[in-house]
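Here are my notes on the model you sent over, point by point. Have it open next to you while you read.

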Amino acid sequence: MLKRQWTVVAALAIMASQTACYTTRIVTNRAPAGPSYTDRQWFTIAGLANLSGPSGQQCQNGLSSAESKMSGVDFLINIGLTVAGGVAGALACSNSGDLVRIGCASGGSLLVPFLLSSRTVEYTCAVGAPTAERPAWMPPATGNAAAPAAPAPEAPMASAAQ
C-alpha cells in the first residue's frame with residue numbers, strides 16, 4: 001500500500017511541475033491601454049481544433065500584449081475531465097472483468113481530456129492606431145483596410161536564343 005501512495009505522490013508532483021511549460025507570451029512595442037482581460041479558450045483533438053473564437057476582438061487598435069497559458073483553473077478542469085472520463089469508462093465496461101474495467105477506465109480518462117480541454121488567455125489592448133512602422137508582410141491589425149501591396153520583384157530578362 002505504501003508503494004501505491006508514493007506512486008500517486010510522484011505522479012502528482014510530475015503533473016504539477018509540467019504546468020509552467022504551457023505558457024506563450026507575446027509583447028509588442030505598443031503602449032497598453034486600460035486593464036488586462038482574461039478569456040478562456042476551448043479546444044478539441046489535443047488543440048488542433050479551436051472551439052471558441054479568438055480573444056481580443058474588443059481591442060479596436062490591436063493588442064499590446066497577450067499570454068496564453070494553462071492556469072490553475074485549466075489544470076483543475078483537466079483533472080475533472082480525466083476523472084469523469086475514467087468513471088464513464090469504468091461504467092461502460094461494468095459488466096466485464098476487473099482487468100477490462102480498468103482498461104476502459106484508463107482509456108476513458110485519456111480520451112475525454114484529449115477531446116475537450118481549455119487554456120487561459122490574458123491580453124491588453126493597445127493605445128491608438130497601428131503605426132506605419134508595421135512590416136509590409138503583416139496584415140492590418142483591425143482588418144479595416146488592406147495594406148498596400150509591395151511591388152513585385154523584377155524578374156531577370158531571359159536572353160533570346162539567336
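**Around N50**

1. Let me start with a local detail: a polar atom of the N50 side chain sits 3.0 Å from the backbone oxygen of S52. For polar contacts the rule is a pair of N or O atoms within 3.5 Å; within protein, one must be able to donate a hydrogen and the other to accept it, and residues adjacent in sequence count only if both atoms are side-chain atoms.

2. A word on the ground rules. This is a predicted model, so local features need pLDDT of at least 70 and side-chain atom pairs count only at pLDDT 80 or more, while totals for chains, interfaces and linings use all residues. Numbering runs from 1 along each chain as its sequence is written, and side-chain values use heavy atoms, with hydrogens and water left out.

3. Back to N50, which belongs to strand 3 (residues 49-50). Helices (H or I, at least four residues) and strands (E, at least two) are DSSP runs, numbered from the N terminus. N50 is partly exposed, at 47% relative accessible area; the classes are buried under 20%, exposed over 50% and partly exposed in between, with a 1.4 Å probe and protein chains only. Neighbours within four places in sequence aside, N50 is in contact with Q41, W42 and F43, where contact means heavy atoms within 4.5 Å.

4. On to the charged pairs. The count comes to two salt bridges, a salt bridge being a side-chain nitrogen of Lys or Arg within 4 Å of a carboxyl oxygen of Asp or Glu. One of them joins D74 and R40, with 2.4 Å between the closest N and O atoms. D74 is in helix 2 and R40 in strand 2 (residues 32-44), so this pair ties together parts that are 34 residues apart in sequence. D74 is buried, with a relative accessible area of 0%, whereas R40 is partly exposed at 28%.

5. In the other pair, E122 forms a salt bridge with K69, and the closest N and O atoms are 3.4 Å apart. This one links distant parts of the chain: E122 is in strand 5 (residues 117-126) and K69 in strand 4 (residues 63-69), 53 residues apart. Both ends are partly exposed, E122 at 29% and K69 at 22%.

6. Which order do the five strands take? The sheet is open, with order 1-4-5-2-3 and antiparallel pairing. Strand 1 (24-27) and strand 3 are the edge strands, since each pairs on one side only. Two strands pair if DSSP finds at least two bridges between them.

7. Going through some of the pairings: strands 1 and 4 are antiparallel over four bridges, and T24 stands opposite S68 in strand 4. S68 also has a bridge partner in strand 5, namely V121; strands 4 and 5 run antiparallel and are joined by six bridges. Strand 2 and strand 5, antiparallel too, are joined by ten bridges, and A33 has C125 of strand 5 as its bridge partner.

8. Why is strand 5 described as largely enclosed by the rest of the structure? Because nine of its ten residues are buried.

9. Last, have a look at the surface. V8, L12, M15, L76, I79, V83, V87 and L91 form a nonpolar patch with about 720 Å² of accessible area together. Patches take residues with over 30% relative accessible area and no salt bridge, joining like charges within 9 Å and nonpolar side chains (Val, Leu, Ile, Met, Phe, Trp, Tyr) within 5 Å. The areas come from the Shrake-Rupley method with a 1.4 Å probe; for residues, only the protein chains shown count as cover. Helix 1 (2-17) and helix 2 (72-92) each supply at least two residues of the patch, and helix 2 gives the most, with five. L76 is in helix 2 and is exposed, with a relative accessible area of 58%.
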